[in-house]
Amino acid sequence: MILALKAGLDDPLRLRRAESTRRVLSLTLNPDREVDRIHGNGINTIDIEVVEGRYMLSGGADGVIVIYDLENYSGKLHYTCKSVCTVGRSNRYVHKFSVETVQWYPYDTGMFVSSSFDKTMKVWDTETLKPAEVFEFEGNVYSHHLSPIARKHSLIAVGTKDPKIHLCDLKSGSRIQVLQGHRAEILSVRWSPRYEHILATASADSKVKVWDVRRASGCLFSLDQHNGDKSKAASEAVNTAHNGRVNGLCFTGDGLYLLTTGTDDRMRLWNSATGENTLVNYGKVSNGNRKKLQFAVSRGCGPEFVFVPCESSVAVYAVHTGELVSTLRGHYNNVDCCELHPDYQELYTGGKDCNILAWIPVLRSPDVEDEPKSANQAAGAPSSVNQAFQDAWSSDED
Amino acid sequence: MNRKRALISDTFKVKKRRNGTQKFGAVSDGDGPTDIRSTLEYLATLFPRKLFNDSLPQIVLKHQLYSIHDDKTLVDKELNKLREQGELLMFQLGFDADAFGLVFAADYKSKVLAGEDGRATRATVERFLAKLLSPCTELSFSKDKMLKEFLFTDSEITQLVKSGVLTVRDAGSWWLSIPNSGKFTKYFIQGRKAVLGMVKKSKYSEVLKAELEERRTTSHVKFHMKYHIHDIVGAELVESIPTTSGTLLRFVDS
């Protein structure tokens, strides 16, 4: 395959995709890489910045926010990702209750936004660790999201205990729009990575709605698990995405598909343009979370993979075929969030056991070089083992 | 060397990648194109006909197929194809939102008509079946559809409900159903609970599949043990783990 690449027959993207896929398939816990243990309580959310992929934010159940440096400049194999700074309990502006979502500002690491159960959402300045803006709400804030590709707007979509979705503007500091349509609390909101005005929201009333924020009227469509086939469901369950609360939303890297998970222990894949259920059957994806579930989809791999936290392990499924590729076990308690490093195919997962675990792809063992035989015959067959490694100590008689 | 405490590397479970997953102890075959039809026929043979005095067609549950074939999406696609061809009928069984029963169309027709012999409602049922097998992939019917598309009158709909072919879903819509299947549902749920109880009560809540099949069943379990095992494995109520002594079934706490 490398030969084909050198000859120009293959697109260089193919090599990248094949290698990313191989790396994702060989993710394991590596004893050489640890993340500093700062949180004293469960970790609710993790976010890795998009610009460099160097800094990671984590929000905990005690209201503490920690920033870690993921890069390894020490030169040693064993590396602990140290925390750069924390918004600890001693900070004047720290959240009073658990932090539910944190997200870096998509364009640089000078700013990040965090929302918490103390009914506020704070926009922090990373240098001074002081909030530049505080948005107050009437109910617990479950989830917020900033669009990663937005150029024309700087809206933050916020999902709270209210059935209304608030859109807050970063530039003016006010709440400019409210999207009505859900009947119960909003557990998760997500902007599409393809179009900057498409927003998907998941709610405890079992519905997932897709909105265009430029439209004044209601949502574009609501995802229906039976694809309009009213005969399949009981009459109350018509037009629902799941048979229980929908608590996880994730778009695939190209924004063409949307994955949702619900408390009915199912995960579904939807076509994000038409809202059609692709009916890929992942089997039972156990989910008991009352709050939102953060899961991740790989980007740039051959068959895309989705990493879903299931109880205390992380299940890896192939997105389009639904087969369970592997289960990553290592946490001692429920896993709440997982985030994939975009460039290195490393998975960081955080859970109720106060640990963030790093799953690193296993490095390929160095191949012993096969020299072409014809060149050897003249020089005499060289030994493939280096002279220095040959065993000169032990004898055969013992 | 006496190892009283587990090594750190054990906790981290650095596994070697096995090239071409070597499944030992697992009976499931993965040969070539998955033949759903033959699996359906095999599962249908496990259904006890004598128990219901031959009045019920052989019912297979959709998730029983998941326990035999690995790729669930493929199984779903094949089933939809068979349903569109008019060979297979799917029913919502009622006790679980996800439990769907599958019956071969020919079987269904013959059993229903046999049950209707000598009854006044026979003609209506025949007409309904003829419309149904034309082919129909719906699980339920609304009043609109019955009146307009199928051209049935209200009294005829009542007759269909009486004969058991339709079951009330809510005001103005009906599920397609199998007549006299109430007994089936009752025995099925009883048997499922009993088998699950057997697995749960075992030491460590796990039991080898071969051993479970050998066990003496209580009077609650009226179906073949294998029928129930396929059901609980497919519905993911137990985890199926391949071991060197065969497949192990471990109860899943949910």
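Confidence in chain B of this predicted model is lowest in helix H1 (residues 8–12), with a mean pLDDT of 40, and reaches its highest value in strand E7 (residues 206–208), at 89. Over residues 6–32 of chain B the pLDDT stays below 50, yet this stretch still has 19 contacts in the model beyond near neighbours in sequence. Where pLDDT is low, the predicted coordinates should not be read in detail. For chain B as a whole, the average pLDDT is 78, and 85% of the residues score at least 70. The scores for the model are ipTM 0.72 and pTM 0.79.

Over all chains, 17 salt bridges are counted. One of them, in chain A, pairs A:Glu185 with A:Arg245, whose closest N and O atoms are 2.8 Å apart. This pair links distant parts of the chain, the two residues being 60 residues apart. A:Glu185 sits in the loop between strand E15 (175–179) and strand E16 (186–191), while A:Arg245 belongs to the loop between strand E19 (221–222) and strand E20 (246–251). A:Glu185 is classed as buried because its relative accessible area is 13%, under the 20% limit. A:Arg245 likewise counts as buried, at 16% relative accessibility.

The side chains of B:Asp76 and B:Lys62 meet at 3.7 Å, N to O. B:Asp76 lies in helix H4 (residues 72–84) and B:Lys62 in helix H3 (residues 62–68), so the bridge ties together parts of chain B that are 14 residues apart in sequence. Both B:Asp76 and B:Lys62 are buried.

Elsewhere in the set, salt bridges that share partners bring B:Arg37, B:Glu41 and B:Glu87 together in one network.

Notes: Residues numbered from 1 in each chain as written. Chains lettered and ligands numbered in written order. Predicted model: local features only at pLDDT ≥ 70, side-chain atom pairs only at ≥ 80, totals over all residues. Heavy atoms only, no water. Salt bridge = Lys/Arg side-chain N within 4 Å of Asp/Glu carboxyl O. Helix = DSSP H or I, 4+ residues; strand = E, 2+ residues; numbered from the N terminus. Buried < 20%, exposed > 50% of the residue type's maximum accessible area, 1.4 Å probe, protein only. pLDDT = per-residue confidence, 0-100. Contact = heavy atoms within 4.5 Å.
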